[in-house]
Structure formats: C-alpha cells, structure tokens
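Q: Can you walk me through this one? I have it open here.

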Amino acid sequence: MTLIAILAAFACQLLQVTGQVFLKHAMLAVDATPHQPRRVALSLAAGLAFLTFWFLLWIGLMQKWNLSVIYPFEGLCPVLMVLGARVFLREKLSTSGWVGVMLIAAGIMLVTGS
Amino acid sequence: MPEVLVTTQPTEPSPIEASPRPTWPPLTAYARILLGAILVTAAELLLKRGATASADRAALLGTAALGSYWTWAGIAVHITAMVNWLAVLRRVPLATAFSLVSIQQALVPLAAWGCMGETISPRRWVGITLVLCGIAAVARSYARAEEKL
C-alpha cells in the first residue's frame, strides 16, 4: 500500500462527493420558481464532469491495486457526503442519522477490507 | 399519527423537495433508491469484468478498459442508474439518499453468497449487519423528519 494509492483513493472519494453535491444542486434548481434552466444545466454538467473523472480514476485504481486495498476507502464516502451536503447544501442530519452514517461507514470498511 | 392544524407554514426547508411533476416509473423514493442500488451493483460487476479483461494494459486512468465490451455494458447500466439517481435527488436530501443507497455494499456479497455460493467470512457478516443497522437508523431519522412537516 503506497502513499500514492492512499492519496488517489482519497481523491477519488472527494471527486465523488463534489460531483454529487453539484447534481443535488442541479435537482434543487429543477423545481425552483422562477425557472433556472442555466443553473440546472451548469450544475448538471459540472456534476457529470466530476463523476466521469471519478469513474475513470476508480477503474484505474481497480486495475492497479487489489480490491481489498482500494475498496475500504469507499467507507469514507458516506461520511464525506454528509459533511459535503451540510457545508454546501445546508442539509441537516439528526443525531441518530449521524449514528447510522457511522455504522454504515464502519460496516463498509469491514465488508470491503476482508 | 395525529393531524396537526397549523396556521403558518414552517420556514425551514422541507426534507423532501416538492415534486410537482410525476416521474416514471411511478415508484416511491425508497423503491427508487433500492432499484438504483441494484443497478449500480450490476454495473460494478460488469466493470470489474471489463477491468480484469484489460488489466495487462493498465494505466492510472482506466482508459484501457474501454476496449472491453463488458466495460461498455457496465457504462450503459451506470447511465440508467444515473437517470434514476437524479429522480431520487429531486425528492430526497443528498445525505439521506446517499446513505440509503449504501445498501449496495451489503447487496454485492449477499448476491454472491445467495446466487453463486460464495462464502462470507464472519468479519464480513458483521460488516453487512452494521451497514443494514446504519441504513435502518438513517431511514428512521428521515421518516421522522418527514413526519414533522
């Protein structure tokens, strides 16, 4: 497990979070009044661009390193996603919701690391 | 649950954004999230086949895998899943939706166990249980936030 694998796997999760935040931003604009077609299009394009880059990096990581090395980093994703949604979309999660996210993160690391 | 009459609308944004236009197929948010998890699971399995088929030409960006039909099938299923995901995001907050779709992390080993007779280590069973408990907790907290409206 090299440093570059750790950094690439972490960057991968950040790319996914950024892409998803843009997608949600676009979907919020879909039902906004008055209509904001420009905001929808730009956010959707940005989201899809980030996710495309995430996708290519993810395939590359799968080819280069063993899945049991790369996959546990997926466990960070739900936690980073909740943080991203909180900072950029002002979504709030209750305490029991946070407990749930932590359980999911720990569970993913156990499932993928073995 | 009791019906409460309120004269003023709450000012905080609702957990579910209003969705005036119906979407197709007519599924609940939960069913849509589960459908998305199944589609992504299928897509990941296809991608893994494509990536393995081209592993001899590996680069950091997995562009060599594009030479395999498995990869293209995986991409097609991923696109379908993406359209479905956008419909989910229209109605459900991102943090909740993404947490619930994590059920795919439990679906993959369970599918491999049920359909292909693969074994699941005790450690992995614990992980699957944790993921499912976490999803139940998130779903409950979301259902409560929905009730408050």
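Q: At what angle do α1(A) and α2(B) pack?
A: About 65°, and the axes of α1(A) and α2(B) are 8 Å apart. Keep in mind that this is a predicted model.

Q: Is that crossing left-handed or right-handed?
A: The crossing of α1(A) and α2(B) is right-handed.

Q: Which residues make the contact?
A: From α1(A), the residues are L23(A), K24(A), M27(A) and V30(A). From α2(B), they are L86(B), L89(B) and R90(B).

Q: And by class, what does the contact of α1(A) with α2(B) have?
A: It has 5 nonpolar and 2 charged residues, and no polar ones.

Q: Staying on α2(B), which of its residues are buried?
A: T71(B), G74(B), V77(B), A81(B), N84(B), W85(B), V88(B), L89(B) and R90(B) are buried in α2(B). Their cover includes α1 of chain A, along with α1 and α3 of chain B.

Q: How does the span of α2(B) agree with its 23 residues?
A: The end C-alpha atoms of α2(B) are 34 Å apart, and 23 residues at 1.5 Å a residue should span 33 Å, so the two agree.

Q: What about α5(B), how far does that one reach?
A: α5(B) has 26 residues and reaches 37 Å from its first C-alpha to its last.

Q: Which residues of α5(B) are buried?
A: Among them are R124(B), G127(B), I128(B), L130(B), V131(B) and G134(B). Further along, the buried residues of α5(B) include I135(B), A137(B), V138(B), S141(B) and Y142(B).

Q: Why does T96(B) count as buried?
A: T96(B) has 28 C-beta neighbours inside 10 Å, so T96(B) counts as buried; the cut-off is 20 or more.

Q: How far is T96(B) from V126(B)?
A: Their C-alpha atoms are separated by 23 Å, and the two residues are 30 apart along the chain.

Q: Now the core. Which residues touch the most other members of the largest nonpolar core?
A: That core has 64 residues, and M81(A), A43(B), L89(B), L94(B), A97(B) and V131(B) touch the most other members.

Q: Which elements give two or more residues to this core?
A: In chain A, they are α1 (3-30), α2 (37-64), α4 (76-89) and α5 (95-113). In chain B, they are α1 (29-53), α2 (69-91), α3 (94-101) and α5 (122-147). The largest share, 10 residues, comes from α1(A).

Q: What does A97(B) touch?
A: Not counting residues up to four places away in sequence, A97(B) touches I33(B), V88(B), L89(B) and V92(B).

Q: How many residues are in contact between chain A and chain B?
A: 36 residues of chain A are in contact with 42 residues of chain B. On the side of chain A that touches chain B, α1, α2, α4 and α5 of chain A each give two or more residues. α5(A) gives the most there, with 12 residues.

Q: How do the residues of that side of chain A divide by class?
A: They divide into 23 nonpolar, 9 polar and 4 charged.

Q: Where is the cis peptide bond?
A: The bond from T33(A) to P34(A) is cis, with omega near -5°. P34(A) lies in the loop between α1 and α2 of chain A.

Q: And what is phi of R90(A)?
A: Phi of R90(A) is near 55°, a positive value in a residue other than glycine. Most residues other than glycine have a negative phi. R90(A) is in the loop between α4 and α5 of chain A.

Q: Does R90(A) count as buried or exposed, and why?
A: R90(A) counts as exposed, because 10 C-beta neighbours lie inside 10 Å.

Key. Residues are numbered from 1 along each chain as its sequence is written. Chains are lettered from A and ligands numbered from 1 in the order in which they are written. This is a predicted model: local features need pLDDT of at least 70, side-chain atom pairs count only at pLDDT 80 or more; totals for chains, interfaces and linings use all residues. A nonpolar core is a set of buried Ala, Val, Leu, Ile, Met, Phe, Trp, Tyr and Cys residues joined through C-beta atoms within 7 Å. A residue is buried if 20 or more other C-beta atoms lie within 10 Å of its own, exposed if 12 or fewer, and partly exposed in between; C-beta atoms are placed from the backbone. Helices (H or I, at least four residues) and strands (E, at least two) are DSSP runs, numbered from the N terminus. Two residues are in contact if their C-beta atoms, placed from the backbone, lie within 7 Å. Axes are lines fitted to C-alpha atoms, for helices over the stretch in contact, and angles run from 0 to 180 degrees between N-to-C directions. A crossing is left-handed if the near helix is turned anticlockwise from the far one by less than a right angle, and right-handed if clockwise. Ala, Val, Leu, Ile, Met, Phe, Trp, Tyr, Cys and Pro count as nonpolar, Asp, Glu, Lys and Arg as charged, and the others, Gly among them, as polar. The expected span of a helix is 1.5 Å times one less than its number of residues.
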